Amino acid sequence: MSNETNRKPDVSRRKFMGLAGLASAGAFGTALTPWAAKAMDMKAAGLTGQKLNADEMDAMHQAGVAAFPAETEGLGGQPLEYEMDGDVKVFHLTCDIIPDWEFEPGKTTEAWGYNGAVPGPEIRVTEGDKIRVHVKNNLEESTAIHWHGLILPNSQDGVSFITQDPIKPGAEFTYEFPIREGNAGSHMYHSHHNSAKQVTMGLLGAFIIEPKDPASRPAFDSEHTIILNDGPIGGYTINGKSFPATSPIVAKKGERVMIRYMNEGLMIHPMHLHGMPQLVIAQDGWLLPQPYYCDTLNIAPGQRFEVLIDATEVGPWAFHCHILSHAESEHGMFGMVTVFIVEE
Amino acid sequence: MSNETNRKPDVSRRKFMGLAGLASAGAFGTALTPWAAKAMDMKAAGLTGQKLNADEMDAMHQAGVAAFPAETEGLGGQPLEYEMDGDVKVFHLTCDIIPDWEFEPGKTTEAWGYNGAVPGPEIRVTEGDKIRVHVKNNLEESTAIHWHGLILPNSQDGVSFITQDPIKPGAEFTYEFPIREGNAGSHMYHSHHNSAKQVTMGLLGAFIIEPKDPASRPAFDSEHTIILNDGPIGGYTINGKSFPATSPIVAKKGERVMIRYMNEGLMIHPMHLHGMPQLVIAQDGWLLPQPYYCDTLNIAPGQRFEVLIDATEVGPWAFHCHILSHAESEHGMFGMVTVFIVEE
Amino acid sequence: MSNETNRKPDVSRRKFMGLAGLASAGAFGTALTPWAAKAMDMKAAGLTGQKLNADEMDAMHQAGVAAFPAETEGLGGQPLEYEMDGDVKVFHLTCDIIPDWEFEPGKTTEAWGYNGAVPGPEIRVTEGDKIRVHVKNNLEESTAIHWHGLILPNSQDGVSFITQDPIKPGAEFTYEFPIREGNAGSHMYHSHHNSAKQVTMGLLGAFIIEPKDPASRPAFDSEHTIILNDGPIGGYTINGKSFPATSPIVAKKGERVMIRYMNEGLMIHPMHLHGMPQLVIAQDGWLLPQPYYCDTLNIAPGQRFEVLIDATEVGPWAFHCHILSHAESEHGMFGMVTVFIVEE
């Protein structure tokens with residue numbers, strides 16, 4: 001593992017273009033019934049209030065799965081580029097109103113996000129870096145950015161009226177701090193002003209600190225960030241999208257996959273992976289003295305966990321919040337659902 | 001400890017016939033007031049809307065405790081018999097509508113369950129076994145069974161439209177897979193189709209994998225499975241029943257008791273045992289590298305925990321969810337409450 | 001560390017009189033705008049239903065912070081004095097109706113509490129002690145006291161109709177039991193009769209058992225108890241108060257601070273400290289075999305955790321429940337928020 005490996009475009013972010021080889025027809029091996037297309041139209045039209053019979057219900061379930069991974073406008077969590085100013089990495093963030101964030105195919109809502117996306121771009125730095133973040137507030141209310149999990153000077157902590165004046169609409173603010181050694185791991189940045197609204201509206205992102213010495217943390221072949229939210233935008237979302245618009249996680253058999261969980265919502269979300277256990281190695285960025293296995297990891301608001309998954313079992317495995325009402329209705333799977341696909 | 005020991009009828013499932021020896025009058029040492037009988041009638045009649053005075057309230061509390069453990073129709077979680085076909089253990093499950101599941105004395109509701117009960121029968125196998133499960137769907141909607149926690153071929157994972165077509169009403173389906181070595185512990189089976197409804201309606205059960213080598217897991221004298229649910233059937237239930245219809249756990253002083261917790265509901269349930277600590281030894285079937293003690297174990301949906309309790313303290317100990325609104329109202333204890341009884 | 005140190009008045013309970021040195025104007029370094037005073041008046045008058053512009057919203061946020069730590073009537077959690085009767089420590093508790101508990105400046109509600117306060121007084125004893133607690137019930141309904149986390153004779157466990165008759169209005173009851181060796185740590189006492197109401201109304205308190213051998217548990221320089229509640233009195237509270245009426249935690253740079261978390265509410269509360277990690281050393285009083293670091297600790301109802309915080313970072317650090325709707329609205333911070341202040 002090297003930092004180069006970590007910085008390459010994340011496989012979770014490329015659109016997965018189908019599951020040929022796993023299935024002979026349809027996305028997951030079942031022929032799409034005539035009802036499925038009709039069901040998709042009905043869902044789009046919102047005409048699903050009536051009592052469904054089993055075939056109608058199944059068709060809607062099938063239509064959802066067949067649509068996965070569905071193309072939608074907008075993709076958050078992309079790497080945030082920086083420029084160097086001497087030995088300082090300089091980043092730029094804007095706090096934006098997004099009038100029509102498409103969280104599910106054909107369904108849009110007003111969201112607020114950094115650099116026009118939900119989640120905001122992924123900031124990735126290394127222990128020992130010096131960083132500067134220029135923030136421009138394009139919202140209609142004030143804001144401030146808290147670097148959740150980072151150990152930094154109090155003045156840079158981003159809590160309005162406790163560590164700084166809020167950033168007024170139209171105003172700019174610059175944060176600047178060193179990245180401490182010992183602070184590696186999965187962290188977050190998000191609003192800390194009117195936060196119950198601003199964060200759930202989408203003003204959130206991943207802040208990942210690479211270890212200076214890669215050998216100081218467990219190795220893996222690929223990594224994926226799963227940011228959970230349950231706010232007003234799109235309901236129950238993974239990285240700003242609701243199933244079937246979530247991105248699959250794809251691994252080759254034998255690979256070791258790292259998942260970085262982050263909960264930015266207001267509820268717990270116990271994330272259940274089918275087929276293979278999760279080895280929990282870090283909590284809030286801190287390596288656990290004794291990693292432990294589970295298949296359902298309970299993640300509370302504000303928490304982050306890093307888990308390793310050995311992709312030993314071939315096939316498409318459901319991966320979802322096990323509060324089942326966050327993942328499935330009688331109209332099929334939605335919300336906090338994705339698929340972990342292990343290819344031969 | 002041997003597999004034979006584990007397979008003997010679970011003491012939690014026999015009806016506990018009173019607490020003579022612990023009490024001189026009434027179930028728990030207090031004389032039943034005239035009000036208590038009246039209170040039980042009032043509860044049954046639903047005539048409890050008025051503001052109660054202290055004596056009336058106490059009488060209702062007492063009536064509930066005096067009725068424990070209350071007889072009700074139907075008892076889930078019984079061992080599922082199998083037949084051998086060569087070296088394959090063959091099980092049969094039906095997915096049934098239960099028109100009048102009695103979750104509390106005199107209170108019934110429609111439930112859905114395997115083999116006509118909630119929880120469904122307990123499936124218990126051993127690492128290295130080969131199993132086959134014939135499923136017949138007697139529901140009015142499709143279904144599929146997910147073997148939650150098991151490592152198995154993708155085609156047998158039971159997620160409709162991802163790993164199989166759903167099982168239509170009236171149809172049958174057969175699952176067949178080997179029980180992997182290393183997969184011992186407390187697992188579950190439940191619907192993975194319209195699951196937010198089907199699971200909370202009762203389509204759930206325990207799936208326990210014994211270790212091939214009993215010495216590979218901690219020994220105990222008796223064991224009990226506590227399946228938590230908070231669905232439409234009976235509200236907050238333990239093994240499909242609400243207090244006072246829950247089953248007590250009875251141990252002799254000096255015994256080591258194992259509890260297998262499983263949460264099949266939509267909410268967390270922090271289970272608090274009075275009087276003795278719980279040693280948490282496994283999570284989701286996986287032995288913890290470092291067992292730890294607690295008295296209140298927070299169990300999220302989809303999670304399982306195995307704990308050991310040394311029955312050192314004699315007496316009847318309250319054992320309940322510590323979200324107190326899941327366990328007691330002004331009319332007395334209800335829902336996720338049972339009693340852990342240590343006998344001399 | 002000695003018992004004397006532990007028994008000295010807790011720094012968290014003295015009123016912190018401002019942050020001079022950290023700020024040149026206002027509590028936290030920002031000049032109080034004219035709007036802030038007006039905002040405080042508006043909040044008091046409840047005239048905040050209209051849509052606020054950014055400046056109005058900010059003023060309300062600022063007013064809340066500027067008021068911290070706000071003086072209110074009543075302070076719970078004070079050490080409970082005892083007298084010796086031979087070798088028995090004798091305590092007295094009354095169960096009281098408090099007509100106007102001031103949980104936020106100018107906001108009062110009826111609460112129920114021990115010895116007239118919420119939380120009730122802190123009981124602090126040592127392993128090996130013998131104790132007696134005289135209880136007088138001044139409520140209009142019956143009650144009983146459960147010693148949550150203590151290992152004691154069944155008859156003293158305080159569960160009405162299971163281990164005792166409830167204590168009627170106007171009646172008295174005496175508990176008497178030894179404090180077991182091995183039972184050190186952070187425990188609680190609270191009602192176990194109509195508990196969903198009585199506990200959330202405030203009938204709760206800390207019960208701390210010092211180790212007989214101080215070397216048997218980690219050392220620290222100061223300690224603070226954080227009792228979380230989410231009941232009818234004051235909404236989301238820390239030690240019976242809502243921000244800005246919560247007490248700050250103040251430490252000198254270099255000190256090691258111990259926090260004893262206790263959740264007496266009906267919801268989880270993941271407590272997030274800014275600026276410094278929390279080392280989790282004990283759960284429900286039991287020392288963890290492997291302490292672990294985190295910055296957001298999820299605390300479920302009935303659970304207690306002990307954490308150590310090395311006060312290495314100077315400044316005022318936000319410290320709050322990360323279910324953000326328990327901590328901030330568009331009118332500013334409220335509820336489960338305090339400030340952890342590290343002084344040079």
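## Salt bridges between chains A and B

A salt bridge here is a side-chain nitrogen of Lys or Arg within 4 Å of a carboxyl oxygen of Asp or Glu. With that in hand, chain A and chain B share four salt bridges in this predicted model. One of them joins A:Glu313 to B:Arg180, and the closest N and O atoms of this pair are 2.5 Å apart.

## What chain A brings to the contact

Which elements of chain A give two or more residues to the side that touches chain B? They are helix H3 (54–67) and the strands S14 (269–273), S16 (286–294), S17 (296–299), S19 (315–321) and S20 (328–329). The largest share, seven residues, comes from H3(A). Sorted by class, this side of chain A holds 19 nonpolar, 14 polar and six charged residues.

## Extent of the contact

Let us turn to the contact as a whole. Chain A contributes 39 residues and chain B contributes 46 residues. Together the two chains bury about 3,400 Å², and carbon and sulfur atoms account for 58% of that area. On the chain A side, the residues that lose the most area to chain B are A:Asp58, A:His322 and A:Leu324, which together make up 16% of what that side buries.

## Chain A on its own

Now for the fold of chain A, which has four helices and 22 strands. Chain A is 344 residues long, and 65% of these residues count as buried. Among its contacts with a separation of 6 or more, 74% are between residues 24 or more positions apart. The accessible surface of chain A comes to about 11,100 Å², with 53% of it belonging to carbon and sulfur atoms.

## A closer look at C:Asn263

C:Asn263 sits in strand S13 of chain C, which covers residues 256–263. Is C:Asn263 buried or exposed? C:Asn263 counts as buried because its relative accessibility is 0%, and the cut-off for buried is under 20%.

What does the side chain of C:Asn263 meet? One of its polar atoms lies 2.8 Å from the backbone nitrogen of C:Gly265. Beyond its neighbours within four places in sequence, C:Asn263 is in contact with C:Met188, C:Leu228, C:Ile268 and C:His269, and also with C:Ile299, C:Ala300, C:Pro301, C:Gly302 and C:Gln303.

Methods
Residues are numbered from 1 along each chain as its sequence is written. Chains are lettered from A and ligands numbered from 1 in the order in which they are written. This is a predicted model: local features need pLDDT of at least 70, side-chain atom pairs count only at pLDDT 80 or more; totals for chains, interfaces and linings use all residues. Side-chain values use heavy atoms; hydrogens and water are left out. Contact means heavy atoms within 4.5 Å. Buried area is the accessible area (1.4 Å probe) that two parts lose on being put together, summed over both. Ala, Val, Leu, Ile, Met, Phe, Trp, Tyr, Cys and Pro count as nonpolar, Asp, Glu, Lys and Arg as charged, and the others, Gly among them, as polar. Buried means under 20% relative accessible area, exposed over 50%, partly exposed in between (1.4 Å probe, protein chains only). Accessible areas come from the Shrake-Rupley method with a 1.4 Å probe; for residues, only the protein chains shown count as cover. A polar contact is a pair of N or O atoms within 3.5 Å; within protein, one must be able to donate a hydrogen and the other to accept it, and residues adjacent in sequence count only if both atoms are side-chain atoms.
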